[in-house]
Amino acid sequence: MNLQINSSSPSVRIHPTAIVESNVSIGARSSVWDNVHIRFDTEIGEECIIGEKTYIAYGVKIGDRVKINAFVYICNAVTIEDGVMISAGTVFTNDRFPRATTSDLKHLRPSDPDEHTLPTLVKAGATIGANCTIGNDLSIGQFAMVGMGSLVTKSVPDFHLAIGHPARSVGAVCRCGQLLTRFPADLKTFHADIDCPTCGLQYAIREGVVEELTP
């Protein structure tokens, strides 16, 4: 295990069964639990939790205070911003048309990134529910929420709740996680000003765009 710790404090906790490859950066007060595998050149911020049996590929960037539950697969070209929650069993992907071999079936294709490797961005504060599959060449917006078991094939806007196979936006959620409203079938005609019933933060919704009004 060869890693860089972004703090002079011995506060990073790594379970003895975890595999942490070379040139991995882990921020202060982060925890890496049993049988996790973190590949080389990955960056993990401060106060993160990496749950058991999770795999994080090389070159992944993870912000501060990110919770990653057990059995999560995070592939190359994924960026996760601050305060994100990724629930158990979630799988990220980075190639829309993967093949194991060349077309004549005589040679394995390399696993290194190439022109077919597409990025995924999970923005600050978002939540991804358990057992989701996340496509590529897309983003999941700030404080958006993806319901459990969803298949995400296109970007999810900020503060949207997306569910289903494939996932579609069905409502808006607050920073605190409370459902603000369900969306009607025609978002183009939907305008609303909403106060969160749980924390009181205020939002304006115009044609599906959710804007924070609280300073």
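**View 1. The side chains of R39 and E21 meet in a salt bridge, with N and O 2.7 Å apart.** The pair links distant parts of the chain, 18 residues apart: R39 belongs to the loop between strand 6 (37–38) and strand 7 (43–44), and E21 to the loop between strand 3 (19–20) and strand 4. A salt bridge is defined as a side-chain nitrogen of Lys or Arg within 4 Å of a carboxyl oxygen of Asp or Glu, and the structure holds 10 of these. Strands (E, at least two residues) are DSSP runs, numbered from the N terminus. The model is predicted: local features need pLDDT of at least 70, side-chain atom pairs count only at pLDDT 80 or more, and totals for chains, interfaces and linings use all residues. Residues are numbered from 1 along each chain as its sequence is written, and side-chain values use heavy atoms, with hydrogens and water left out.

**View 2. D34 and K53 form a salt bridge whose closest N and O atoms are 3.5 Å apart.** The partners come from distant parts of the chain, 19 residues apart, with D34 in the loop between strand 5 and strand 6 and K53 in the loop between strand 8 (49–50) and strand 9 (55–56). D34 counts as buried at 19% relative accessibility, whereas K53 is partly exposed at 36%. Buried means under 20% relative accessible area, exposed over 50%, and partly exposed in between (1.4 Å probe, protein chains only).

**View 3. R29, E46, E47 and R65 are linked in a network of salt bridges.** Within this group, E47 pairs with R65, the closest N and O atoms being 3.3 Å apart. E47 lies in the loop between strand 7 and strand 8, and R65 in the loop between strand 10 (61–62) and strand 11 (67–68), 18 residues apart. Both are partly exposed, E47 with a relative accessible area of 35% and R65 with 43%. R29, in the loop between strand 4 (24–26) and strand 5 (31–32), is a residue other than glycine with a positive phi, near 65°.

**View 4. T90 is buried, at 0% relative accessibility.** This residue occupies the loop between strand 14 (85–86) and strand 15 (91–92). A polar atom of the T90 side chain lies 3.0 Å from the backbone oxygen of S87. Beyond residues up to four places away in sequence, T90 is in contact (heavy atoms within 4.5 Å) with residues including F71, Y73, I128 and C132.

**View 5. A cis peptide bond joins H165 and P166.** Omega is about -5° for this bond. P166 is placed in the loop between strand 22 (160–164) and strand 23 (167–173).

Key
Helix = DSSP H or I, 4+ residues; strand = E, 2+ residues; numbered from the N terminus. Polar contact = N/O pair within 3.5 Å; in protein donor to acceptor, adjacent residues only side chain to side chain.
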